[in-house]
Structure formats: C-alpha cells, structure tokens
Amino acid sequence: GAGMWLLNRKAADESLSREDFVQRLVDFRTLVDREDIGELTTLDDEDGWFAVVTPTDLLAKHDSLFPPEPKDGEQRALWEAWAATPSSAGPPPQFVCDLVYFGVMTDMRRRLWREGLGITDGVSGADELSCAPEICRQIDLDIPRTMPSTLPKQSGAQLRQVLVAVASRNPKVGYCQSMNMIAAVFVILDFPVPHAVAGLEGVLQLFCPGYHGPSMAGFRRDVFVFECIVQRFLPTVHLHISELEVPFVGLAFDPFLCLYTKVFPLRVVIRFWDVMMVEGANAVFAILLALLELQGHCFKAPEGFVEREEAVQAAMVSFENGVKRTAKTDVGRILEVARSWLDRAEVWAELQALRLNYVEGSTVPKRPRSSTSSSDNRLGLRSVFAAAGGAAAGLLEAGREAIEHLGNQDK
C-alpha cells in the first residue's frame, strides 16, 4: 500500500525526485522491519479504497526509536565546537561531560562513544573471523530474538559478524547470552562491523569485567558489592528488599549483564550509555542506585499480606512499571539523580574497597528470618518467576534467568 501511494505521489508531484522516492521507500521498509505496521496511523487515499502511511507518521515512528537532540542553541554551539577539535583516545573535556546530561547530537554520538571506550581504530578483518560451530549455532538462535521490534531484519547478518568476531578473538569466554543485546546497540547506531567489534570488546572490558566468563565471577562479585552499597547508602530500600527476600541478582541482571538493554527502550538505553561513556563504569551502578532511590518504595511489603510470593511478584511488577514510566516521561530526572550519586566520593571509595576485599561466596549479612528456610525461599522465588508470565517480562524474566544460570554454574 505504501509503495503504491509513493508511486502515485511520484506521478502527481514531478518535484519528487527519483532519489527522494527511493529514500522514502527505504525508510518505510526499515520501519516495517523494526515495528508493527499496525501501530502506525493510517489515512485513506483520495479514492478511499486503501490505507496509506504518511511521511509524518514515518518521521514520528523513526523519532520514537531514538533520543531527541538538544534544542538549546548554546548547547548545540558547544557540541559543534567540540566536533571541530581533533579526536583523541582520552576522556572528553568537562564541558562535554556536562552537555551529555542534556542530550547528545546524533552525528556526534559515535565519536563520543569511541573516545569514551578508547577506540582509535576498528578491528582489522573482523568480518572474516569465525568461531566454533556450537558457538555459531547459539548465536544464530539468539539473533532473531535480539530486540525484534527495533533491530532491522537486514542487520542480522551484521550482528552475527560482530558476535562471531568477538567470540573468536576471546575463545576463553567465547559467546554468552546478553552479548547479543549489547552488540545490537552498536549495529542499530550504524557502527561499521570493525568498530562495532571494538566497541563491544571495549564495553565488556570497561563495564562488565569478568561478567561473561564460565563462572561469571565478576558478576557475582559486583552483585554482592552493589547490595552492600545499597545496604549502607539506601538502608530503608535495602530493608524493604530484604524483608521480601527479593534476590539482588534479579535486580542486577539487566543493568549489569545487559547494560539496561533488556528492560528499557532503545532511546532510554542510548541516554544511559551516553552518560556511561563519559563517566565510566561507576555510572552503571549510579543509574541503578538512582532507580532504586526513585522507585525503591515499591518493595515495601503491603500491610497484612499473607503470601510472601504474591508480595514479591507485586513488588517486582510495580518496580519495573515504575522505572519504565519514569524513564519514558522524564529520563533526565533519572540521570540527574545518578549524577548526584556519582558526585559522592565516599560511595565509590566504598565500592573499590568492597571489590578489593571480596572473597568468592561472600554474602551480605541479613536480619534473622523466622519464616521459611533458605531452600524453601529459593524454590519460592523460582515459582514466583515462573508464575509471573508476561506481567513483568523484563525484571521477572531477568531474575529467573540469573538464578537458574548461577545455579547451573554451581552444579
């Protein structure tokens, strides 16, 4: 229908060049690949016998996928001034770090990320590397379910090249699920394969150190560290979470292993990553602390509840809905609170000390429990995640995956 409409427009409007026609059709097909066409507004043509999609609809749908550019003239002038400076592998100047919190100009994001990750060149020959057949099979299974409503179908081959190259360059780790979600962000933002490979490797090294190895030792450590930080600096929130016995591994799964790509829409993920690229690894923790500060009240057990499992499920659903709603309506507020956490030096001194002194298997001291045993709790949480169905597909599914994966590693 859209193709016929464009052809009619071409015939009726001689000012529409062949190049414009082709570009509009390409834009339309890209949006069809990314989104359900049923969500787009349609209008009847002049004869009233078929529905069409207008350019305004296409533009609005495209804009909904990506964060808006800053509109302030002074901010844009500063971005353009930075763009005129030579590229470097070091951290950006302070004024750029300040600007990021208000939004990044689209054509400068790739440079910002490359410099934030210390990438000077792409990986040579990345698109020609190969890996073990069993790893390739797992990658092939994961690609169709990687951001299916956002990643263009025709970009699947490029995503596969990136994942295969990273797996072949680091055979000790190979490929781990959640890498596909992180790599997809670079592909969607049109990073060439060599730079997407370098970007994924840089992100895993800087933000996810030791997370994706066979034992997931780095992830285990940082879940413990994060819970300690929450216990000290958000004691009321920690008390609510502990009383419900919500597993911190479930809360940390998406932020740490997937860098927020599993729960949040792309336009929010990009804003989070913009800040992470200029603030460093602490920003991953700071954003999650901000989310708990803003929505941690969701974990307060309702008075008079009988079934703990129902209370846990309700709390997880409420928290996910709350953070999604806040991110959709005011992501700037989340980043503002995250920045206030980043300015607290004592938090990051504590984090470094906890990491240095961590011993595998360490647990955060809890208040005595008078109810169910730990084994019953584990089974209860599994039943909560299983019973939740699609009500909270993000955090609930993430928690289930994390618990089951870590359980399998223990075995």
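A: Start at Val230, which counts as buried at 0% relative accessibility. Buried means under 20% relative accessible area, exposed means over 50%, and partly exposed lies in between (1.4 Å probe, protein chains only). The model is predicted, so local features need pLDDT of at least 70 and side-chain atom pairs count only at pLDDT 80 or more, while totals for chains, interfaces and linings use all residues. Residues are numbered from 1 along each chain as its sequence is written, and side-chain values use heavy atoms, with hydrogens and water left out.

Val230 belongs to helix α11. Helices (H or I, at least four residues) and strands (E, at least two) are DSSP runs, numbered from the N terminus. Which residues does Val230 touch, once its neighbours within four places in sequence are set aside? They are Pro235, His238, Phe248, Leu289 and Leu292. Contact means heavy atoms within 4.5 Å. Glu293 is 63 residues away from Val230 along the chain, yet their C-alpha atoms are separated by 9.6 Å.

Now take the whole of α11. This helix has 17 residues. From first C-alpha to last, α11 reaches 24 Å, close to the 24 Å expected at 1.5 Å a residue. The expected span is 1.5 Å times one less than the number of residues. Of the 17 residues in α11, 14 are buried, so the helix is largely enclosed by the rest of the structure.

Met216 counts as buried, at 4% relative accessibility.

Move on to α13 and α15. Helix α15 covers residues 282-295. The axes of α13 and α15 are 10 Å apart, and the packing angle is about 140°. That makes α13 oblique to α15. Axes are lines fitted to C-alpha atoms, for helices over the stretch in contact, and angles run from 0 to 180 degrees between N-to-C directions. Angles under 35 degrees count as roughly parallel, over 145 as roughly antiparallel, 65 to 115 as roughly perpendicular and the rest as oblique.

α13 passes α15 in a right-handed crossing. A crossing is right-handed if the near helix is turned clockwise from the far one by less than a right angle, and left-handed if anticlockwise. On the α13 side, the contact uses Leu251, Ala252, Pro255 and Phe256. On the α15 side, it uses Val284, Phe285 and Leu288. By class, this contact has 7 nonpolar, no polar and no charged residues. Ala, Val, Leu, Ile, Met, Phe, Trp, Tyr, Cys and Pro count as nonpolar, Asp, Glu, Lys and Arg as charged, and the others, Gly among them, as polar.

Beyond α13 comes another loop residue. Leu259 lies between α13 (248-257) and α14 (266-279). Leu259 also has a positive phi, near 55°, in a residue other than glycine. Leu259 counts as buried, at 0% relative accessibility.

α8 (residues 156-169) and α9 (residues 179-188) pack at about 125°, with axes 10 Å apart. That makes α8 oblique to α9. α8 crosses α9 in a right-handed sense. Gln158, Leu159, Val162 and Leu163 from α8 meet Met179, Asn180, Ala183, Ala184 and Val187 from α9. The contact of α8 with α9 has 7 nonpolar, 2 polar and no charged residues.

α6 (residues 109-117) has Arg109, Arg111, Leu112, Trp113, Glu115 and Leu117 buried. Cover for those residues includes α4, α5, α9, α10 and α14. Just after α6, Gly118 takes a positive phi of about 70°.

In α4 (residues 73-83) sits Gln75, which counts as buried at 16% relative accessibility. Aside from neighbours within four places in sequence, Gln75 contacts Pro70, Leu99 and Phe102.

Last, the setting. The chain holds 19 helices and 2 strands. Buried residues make up 50% of its 411 residues. Among contacts between residues at least 6 apart in sequence, 77% join residues at least 24 apart.
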